[in-house]
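My notes follow the model.

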Amino acid sequence: MTGKPLVLDADGTLLRTDMLWEGIWKGLGTDPLATLRSLAMIGDRAAFKAEIARIAPLRVDLLPVHEEVLALARTAQEEGREVALASASDRTLAEPLAEHHGLHPVFASDAGENLKGDAKARALVAAYGAGGFDYAGDNRCDRAVWDLADHAIVVGRAGGAAQGLTRVTRIESGWSPRAVLKALRPHQWVKNVLLFLPMIAAHAFYLETFLAVCLGVVSFSAAASCIYIVNDLLDIEADRQHVKKCKRPFAAGTVPIPVGMGVCAGLGAIALGVAALLSLKMVAVVAFYMALSLAYSLRLKRLRWVDIAILAALYTLRVVAGAAASGVYASLYMLIFIFPIFIALGSVKRMTELALARDDGPLPGRDYTRKDMGALLKLSLVGAIGALVIFLLYSSSAQGRALYPEQWLLWMALLPIAGWLYRMIRLGYMGRMDYDPIVFTMTDIRGLGYLMIALSLMFYAAGLWGAWFTRLFGT
């Protein structure tokens, strides 16, 4: 390369993200109505960018960078070369970004001009002359600038636009299917075992029932991953301030936002399509789950205490979905029993986050501080005790006596359930578990032991151990 000025593009080049998309999603999370109204300006690209930057100013110090591009800039500065930033993003974002990374001067869009492609090329030629600068970019529209630069630095594939350039340096960049899979959070699909609860509670151990619930699990897994992507896009800035969530693909910039949006749309279609194969009732449950999850991501999760109730409702909807998928009746007792359990686990989730927080301030994206630990502990205990009382009442009901003739064994099952709940609350309060209590449960050997003992006692109480394999497989 030369000793001439080095000019860096921002979005996709210096940054592993795009500030316009970041602003749109932040705006949807903080001021959705204003953000949606701004879409009417999309025909005037420069004005639209300025409006999004006004609605949702970004923390430029949190934006993920291409370390190799930044290292290139640092090397150029050490050589005494001028390193400038030329961005199609609005100037109110580009200038703080350049200042944070020590870049000068700044070329950027404003409300009157969208500095992209030919417009950027003209601005740089006016400042440095044709062939008077090196330029790093990543997009097809950067070809207009590369043609007038002395040396081209191409980040990623640039849509094939760099073909034919003679003086070029390439920097590898891009996303991988593995990173996209990580964004789907497949480890969270384990929560959907809750769909099997109605089948188990009703002793409906038939192959066709089992297969129907499996389809329901596929539908709910796709729906959940769809919403996880939406949640991650809305929470990008908060996630970057979190000790673990900062490694999520969108927060880390390893998956572009438009790719995530496309995958999200596909997952939503899969969720509703598979649900339609089962029943209209299942479609309604999945659609309601997705709508409530979206409302939670947009607003409800920021409301203290309300967010725990919504979390419990979303878990309970999985049980309702299991009943809708299989056609098995979900008793009111079962729904009333599991809801307070999930109230307790939602409180455990927040206690865990507070116990592991870096400081005493509010949790990023939430309205809880460490002062709320005592109230969360009390709420978790109320939920646990409420669930145990409801379980005891169910065991004495007509339905409970009919399904579980050995009633005393059902009462014995209360002990391991109580032990498991106590363990979850204690570990959450001490910050000694995963951020998601359901996922933690599936890897916690002692906790699984409590649950397996409880399930075994319930099976013995129902007299099922000798017959359920035969009923499931028909042999």
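**Cysteines**

I looked up Cys264 and found it buried, with a relative accessible area of 11%. The model is a predicted one.

I then searched the whole structure for disulfides and found zero. Cys226 is in no disulfide, and its nearest cysteine sulfur is that of Cys264, 3.3 Å away. I checked Cys264 in turn: the nearest cysteine sulfur is that of Cys226, and Cys264 is in no disulfide either. A disulfide needs the two sulfur atoms within 2.5 Å, and the sulfur of Cys264 is 3.3 Å from that of Cys226. I noted the burial of Cys226 as well: its relative accessibility is 6%, so Cys226 counts as buried.

**Aromatic pairs**

I turned to the rings next. A pair of aromatic rings is described by the distance of the centres and the angle of the planes. My count came to ten aromatic pairs.

I took Phe196 and Phe210 as one of them: their ring centres are 5.8 Å apart and their planes stand at 35°, so I list the pair as tilted. Which parts does this pair tie together? Phe196 lies in the loop between helix H9 (177-183) and helix H10 (197-201), while Phe210 is in helix H11 (residues 207-234), so the pair ties together parts 14 residues apart in sequence.

I looked up the accessibility of both rings' residues. Phe196 has 17% relative accessibility and counts as buried. Phe210 has 31% and counts as partly exposed.

Last, I noted a cluster in which ring pairs link Phe107, Tyr128 and Phe133.

Conventions: Residues numbered from 1 in each chain as written. Predicted model: local features only at pLDDT ≥ 70, side-chain atom pairs only at ≥ 80, totals over all residues. Heavy atoms only, no water. Phe/Tyr/Trp six-rings, centres within 6.5 Å; stacked < 30°, edge-to-face > 60°. Helix = DSSP H or I, 4+ residues; strand = E, 2+ residues; numbered from the N terminus. Buried < 20%, exposed > 50% of the residue type's maximum accessible area, 1.4 Å probe, protein only.
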